[in-house]
Amino acid sequence: MNTISYHHESVSEHEMLERSVAFYQQMSKRRSIRAFSDRPVPREVIEKIIETAGTSPSGAHKQPWTFCAVQEPALKTQIRIKAEEEEYKSYHGRMSEEWLNDLKPIGTDWKKPFLEIASWLIVIFKKPYDIDNSGTKQQNYYVNESVGIAVGMLITAIHQAGLVTLTHTPSPMNFLAELLKRPENERAFLLLPVGYPADQVEVPDLKRKTLEEISKFY
Ligand SMILES: Cc1cc2nc3c(=O)[nH]c(=O)nc-3n(C[C@H](O)[C@H](O)[C@H](O)COP(=O)(O)O)c2cc1C
């Protein structure tokens, strides 16, 4: 094992509290946005956001992810067409009554115009295994956990940059690997439109669980 020294930035307890309050306040303003503006976002911003997600921890440091950033209009149109095909089938038979009822307060349906309008689409792929130079499969570990954490960091970075996103799961998502010509060891995990919100956008009036509801201290 090769080691290097770790630089720990020491902060006082007072500053620690201030920082955690400020960060909570900033993050509590994050909302999933479903109506986007077509205002362009510079590629450099998207690159930094993806690099931030790439700082995520991962099982055995396998970094089992690929982030595909799509700006090309023709490709976004193809993604929208395929996603809406799948979503139409989901909303008309594949989803249970219970699921459809749970979605009512959120107001979603099979139409996904934001897939063409948002400046960027980031499609996240997970890699259950890698393929080394000799063509041999190399196992990855805790792939869902690792990629889930990385996407959490991606969403945080998007919000922190002053942009908005939606965690989108057109289901099934196999068409994304086909359209983006991904290798056979990559599986689509999530699809995030990224950009600016549409003017005067509204969001569902949802309540978040309180600290007491989501935590137990021992
Ligand atoms: C794994 C996951 C999948 C989701 N899939 C969709 C989706 O396909 N379409 C959609 O409109 N919202 C989707 N959402 C967004 C949720 O509806 C949203 O996060 C939730 O209603 C809370 O709202 P907020 O993000 O504004 O706090 C998904 C969220 C998660 C975490």
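Mentor: Helices (H or I, at least four residues) and strands (E, at least two) are DSSP runs, numbered from the N terminus. The model is predicted: local features need pLDDT of at least 70, side-chain atom pairs count only at pLDDT 80 or more, and totals for chains, interfaces and linings use all residues. Residues are numbered from 1 along each chain as its sequence is written, and side-chain values use heavy atoms, without hydrogens and water.

Trainee: Where is N185 found?

Mentor: N185 sits in the loop between helix 7 (174–179) and strand 6 (187–195).

Trainee: Why does N185 count as buried?

Mentor: Buried means under 20% relative accessible area, with a 1.4 Å probe and protein chains only. N185 has 5% relative accessibility, so N185 is buried.

Trainee: What does the side chain of N185 reach?

Mentor: The backbone oxygen of Y129, at 2.8 Å. A polar contact is a donor–acceptor pair of N or O atoms within 3.5 Å.

Trainee: Which residues is N185 in contact with, leaving aside neighbours within four places in sequence?

Mentor: Contact means heavy atoms within 4.5 Å. The partners of N185 are K126, K127, P128, Y129, D130 and I131.

Trainee: How do you know that the span of helix 3 agrees with its residue count?

Mentor: The expected span is 1.5 Å times one less than the number of residues. Helix 3 (residues 73–94) has 22 residues, so it should span 32 Å; the end C-alpha atoms lie 29 Å apart, which agrees.

Trainee: Which residues of helix 3 are buried, and what covers them?

Mentor: L75, K76, I79, A83, E84, E86, E87, S90 and Y91 are buried. Their cover includes strand 1 (65–70), helix 4 (97–103) and strand 6.

Note on methods: Buried means under 20% relative accessible area, exposed over 50%, partly exposed in between (1.4 Å probe, protein chains only).
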